[in-house]
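Visitor: Could you walk me through this one? I'd like to start with the charged pairs.

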Amino acid sequence: VMGWTNIALWIAFCFATQDDAILQLLEERGSGSEVPLVWNVMSLDTSVLEAADTKLERIVTLFYALQLTMGFNVVSIMLKFFKAFQANPRLQLVTNTLIQASDELFHFLIVFLAIFLGFSVSGHILFGDDLIEFSSFDRSMETSFRILLGDFGWYSDQSISDTGLGSGLPHWMLALWFCFYSTFVTLIVLNMLLAIIMDHYTELVMHVRSASDAPTIWKQTANYIKRARDTKGFIPFFTMLCQLKDKDRPAHTSESVTQESLMEAFDGMKKEQADFIMSWLATWATERARAEGDEEHIARLKEVSSLMRAMSDQVHVVSLNTSLVSSRLQELQVSMGSRLDGLEASVGTTAAKVVELETLMQGKPETGVSAWARSAQFIPPMLQPGGDAFCHGANARGLSEPPGLRKPQSSRDVAEPRNKPRNRREVELQPCCSATAWGGRSTIATTDRLR
């Protein structure tokens, strides 16, 4: 289509240049290549000049359209080469790489445009009044793109210039912008683009190298020449294909293919061609069976891989739950340990208080008749009430026997004293008097601590 369009436009352009309104302005001078204007062109009528101007505008429009169509025609021819590259898997690496990496390239392009436009706008705002390379937004974008390609001669000229920027900005602002742009965009972002493309390209190269039906271009050319030599004088395969696809009279109706059936189905087929086709079909069937077997194994491997991936996910979930439970158990252990430590401390404090209380109770004199009886048993006779030492000590302190107490006369008196203390206050006060009467300062101090 593009070729026919170019031909049509070229013919129209040639006819437009031979119009009478154009030719009457030109002066023919033999067969020379130069055709100047007529000498009295300025004296021609205005209508003639307007008609020539209209024809010239049409010629310019046709020439501009012819340029565009020829450019697009070249691009279409280049794309046809990519279509032809499908004949060899190794020639498809470039196109397959771009197709496979299209998703990553699209997202990368969004990030790249955001960064690229940001630097371009900032360059136009900062240096648009000083440098012609940033005087407009489109020139700023062009300058930024040229920096990506390594063309920054303008910066070299500006860096060695003695005159500064006309707007008064310091020169280090330009140097700072250039360094940031070169480092971040040229060295980092472009290398990321190359990494994305090379990753997919390496993967496809490994796949092509492991494939059995991916010969090199020179090996494929040699096979084509050998096949053309071996099939010389045979019925063209395209003709056979057309006869097989004929709906009215198909060439070969039987499902089983043999040498005899081929020679009967196609008129003029030689025995060598039938043998060649049968050999080729046997090789193709063997490769197909092997490929199907490989595909079955690959399908099973993919199924096992998916199961392993699912098990890995489940194990990951279990490990996360285990770590969570372990952390909570550790927290519980720490909490229970602190509580047990507090409980042990409380128990130790309580035990210490109990021991201290037992010690105090052992040293505290008992009240009533029981105290009198116990003192009578364990206090020496000379210190018992009524003894000389007791009376002497009691008279010295101005004390007497505890009120309401008397020396027990019988076992009944020991068990049940006649004068029991009437309340707790009296019980607590009587031991103090008895202790004092019995002459022990340590006993008094012990009683005070117990209170």
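Visitor: Is Asp151 buried or exposed, or something in between?

Guide: Asp151 is partly exposed, with a relative accessible area of 36%, where buried means under 20%, exposed over 50% and partly exposed in between, using a 1.4 Å probe and protein chains only. This is a predicted model, in which local features need pLDDT of at least 70 and side-chain atom pairs count only at pLDDT 80 or more, while totals for chains, interfaces and linings use all residues. Residues are numbered from 1 along each chain as its sequence is written, and side-chain values use heavy atoms, with hydrogens and water left out.

Visitor: Which residue does Asp151 form a salt bridge with?

Guide: Its partner is Arg146, with the closest N and O atoms 3.0 Å apart; a salt bridge here is a side-chain nitrogen of Lys or Arg within 4 Å of a carboxyl oxygen of Asp or Glu. Arg146 is partly exposed as well, at 30%.

Visitor: How many salt bridges does that rule give?

Guide: The count comes to four, and one of them joins Asp19 to Lys55 at 3.6 Å between the closest N and O atoms. Asp19 lies in the loop between α1 (2-17) and α2 (20-23) and Lys55 in helix α3 (residues 46-84), so this pair ties together parts that are 36 residues apart in sequence. Helices are DSSP runs of H or I with at least four residues, and strands are runs of E with at least two, numbered from the N terminus.

Visitor: Switching topic, what does UniProt annotate as "transmembrane region"?

Guide: The unreviewed UniProt entry gives that annotation to residues 62-82, 105-127 and 174-197, though such annotations may be inferred rather than shown by experiment. In the model, residues 62-82 are 100% helix, with end C-alpha atoms 30 Å apart.
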